[in-house]
Amino acid sequence: MTGRHPADLVDLVEATPTGRQLWLRGAGRSLYPLLRSGDSVRVLRCAPEALARGDVALVRVGRQLIAHVVLSARPLVTASLLGGKDPVGVPLGRITALRRGAWILPLPRLARPTLFLGQRLLSGLWTRPRARGLFRQLRDFTVAGWSRPLRRRMLGRPEVRLLREGDLDALLVFAGEQLLVPSAFLRQQLLGRWARESGALGAAAGAFAKRGRMCGFAYLDDYREEGLALEGLWVRSLVVAPRARRMGVAYQLIGCLVEEARRQGADRVFADIDEDNFASLRTFRRAGFQASSSELTQRVNAEWSASGGVKPLVVLERAVE
Ligand SMILES: CC(C)(COP(=O)(O)OP(=O)(O)OC[C@H]1O[C@@H](n2cnc3c(N)ncnc32)[C@H](O)[C@@H]1OP(=O)(O)O)[C@@H](O)C(=O)NCCC(=O)NCCS
């Protein structure tokens with residue numbers, strides 16, 4: 001389960017001359033490929049009438065928040081950058097900036113014609129198989145096998161170890177770029193529990209590349225913080241930055257946490273993974289995890305859907321000898 005955490009996804013509320021704006025994560029993949037998961041959008045609350053063609057609107061569709069380009073203001077029609085029109089939703093505001101890590105891209109109203117024409121052009125190209133193939137090759141550069149030697153030289157050999165209090169800044173930078181987990185939650189857990197020898201179970205592991213930049217993260221914890229009735233220690237929020245993928249970093253992070261679980265006296269470690277996340281399923285299986293009982297799988301899925309989860313989860317576990 002990667003999307004549910006005790007704090008919400010609002011990072012910061014700021015007052016500006018144009019009204020109250022807030023930074024929000026979780027709608028980040030909406031403008032793909034301009035935005036990726038973990039990125040944030042700045043939202044200005046406004047009435048639906050204030051939206052115009054070419055704006056990026058924050059819209060609630062069912063239980064989902066999406067940030068999509070406005071194709072028509074009356075009636076409101078929105079669409080993703082590459083795709084077709086969305087089902088009708090409830091407009092909540094206008095996106096005024098995008099953020100990835102320290103990089104912020106303002107979206108002034110002057111950008112409306114560019115965004116509208118860009119959406120028309122890209123969504124048209126996206127229907128052509130050759131253009132899609134070319135785009136996929138460019139997109140996969142960072143994770144492809146053939147780019148690995150180059151990426152290895154850029155990154156060096158990542159060091160994988162348990163996180164300490166002094167790693168907080170590196171963790172928050174990584175979280176801003178790659179994780180959907182709110183920074184307040186990470187700060188509280190790292191300083192209050194994971195980095196403490198206080199007898200509390202749980203730990204966090206990180207992979208560090210050149211100059212101490214974090215390129216991978218996972219933590220080991222129970223589900224008490226989320227109020228779910230699931231016992232045992234679970235590997236949570238495993239994420240490797242695209243530039244460090246297919247180099248064995250996830251294996252090492254899992255290995256580090258399993259070793260720590262053994263030190264803390266656990267006899268078993270669990271993981272729950274979206275059923276269509278083949279890379280993650282393969283990683284855990286190759287790291288020695290096997291399917292849990294159907295009883296536990298059903299229980300996890302029942303807890304998950306009661307807390308708002310949509311996709312079915314596969315539950316895996318590994319004995320800690
Ligand atoms: C899943 C993820 C953590 C794997 O990280 P990684 O560091 O690239 O994985 P590793 O290099 O340690 O590889 C582990 C195994 O998975 C395989 N694998 C990794 N990514 C793969 C992919 N995209 N397609 C197919 N196999 C893949 C590797 O080949 C390797 O198996 P092998 O030893 O048989 O070759 C990474 O892709 C990621 O961060 N994904 C996005 C976040 C996510 O989905 N997290 C999981 C939440 S449960």
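Me: Which residues make the nonpolar surface patch?
Reply: Phe 141, Trp 146, Leu 150 and Met 154 make it, and it covers about 480 Å². Patches here are made of residues with over 30% relative accessible area and no salt bridge, joining like charges within 9 Å and nonpolar side chains (Val, Leu, Ile, Met, Phe, Trp, Tyr) within 5 Å. The areas come from the Shrake-Rupley method with a 1.4 Å probe, and for residues only the protein chains shown count as cover. This is a predicted model, where local features need pLDDT of at least 70 and side-chain atom pairs count only at pLDDT 80 or more, while totals for chains, interfaces and linings use all residues. Residues are numbered from 1 along each chain as its sequence is written, and side-chain values use heavy atoms, with hydrogens and water left out.

Me: Where is Trp 146, and is it buried or exposed?
Reply: Trp 146 sits in the loop between helix H2 (129–139) and helix H3 (148–155). Helices (H or I, at least four residues) and strands (E, at least two) are DSSP runs, numbered from the N terminus. Trp 146 is exposed because its relative accessible area is 62%. The cut-offs are under 20% for buried, over 50% for exposed and partly exposed in between (1.4 Å probe, protein chains only).

Me: What about the chain as a whole, how many helices and strands?
Reply: There are eight helices and 15 strands. The chain has 321 residues, and 45% of them count as buried. Its accessible surface comes to about 16,900 Å², with 55% of that belonging to carbon and sulfur atoms.

Me: Switching to charges, how many salt bridges are there?
Reply: A search of the whole structure finds 11. A salt bridge here is a side-chain nitrogen of Lys or Arg within 4 Å of a carboxyl oxygen of Asp or Glu. In general, side chains of opposite charge can pair when their charged atoms come close.

Me: Which residue does Asp 167 pair with?
Reply: Asp 167 forms a salt bridge with Arg 161, and their closest N and O atoms are 2.8 Å apart. Both Asp 167 and Arg 161 are buried. Asp 167 is in the loop between strand E9 (159–162) and helix H4 (168–178).

Me: Why does Asp 167 count as buried?
Reply: Asp 167 counts as buried because its relative accessibility is 8%. Leaving aside neighbours within four places in sequence, Asp 167 is in contact (heavy atoms within 4.5 Å) with Arg 161, Leu 162, Leu 190 and Phe 208.

Me: And what does the charged end of Arg 161 sit over?
Reply: The ring of Phe 208, 4.4 Å from its centre. To count, NZ of Lys or CZ of Arg must be within 6 Å of the ring centre and within 35 degrees of the ring normal. The charged end of Arg 53 sits over a ring too, that of Phe 116, 4.1 Å from its centre.

Me: Which salt bridges lie in helices?
Reply: One of them joins Arg 263 and Glu 260 (2.9 Å, N to O). These two residues lie in helix H6 (residues 249–263), three residues apart, about one turn of the helix. Arg 263 is exposed, with a relative accessible area of 53%, whereas Glu 260 counts as buried at 8%. Another joins Arg 299 and Glu 295 (3.2 Å, N to O), four residues apart in helix H8 (residues 294–306). Arg 299 counts as partly exposed at 28% relative accessibility, and Glu 295 counts as partly exposed at 49%.

Me: OK, backbone now. Where is the cis peptide bond?
Reply: It joins Arg 74 and Pro 75, with omega about 0 degrees. Pro 75 lies in the loop between strand E5 (64–72) and strand E6 (77–79). For background, most residues other than glycine have a negative phi, and most peptide bonds are trans.

Me: Which residues other than glycine have a positive phi?
Reply: Among them are Ser 237, with phi near 50 degrees, and Arg 246, with phi of about 60 degrees. Ser 237 is in strand E12 and is buried, with a relative accessible area of 5%. Arg 246 is in the loop between E12 and H6 and is exposed, with a relative accessible area of 62%.
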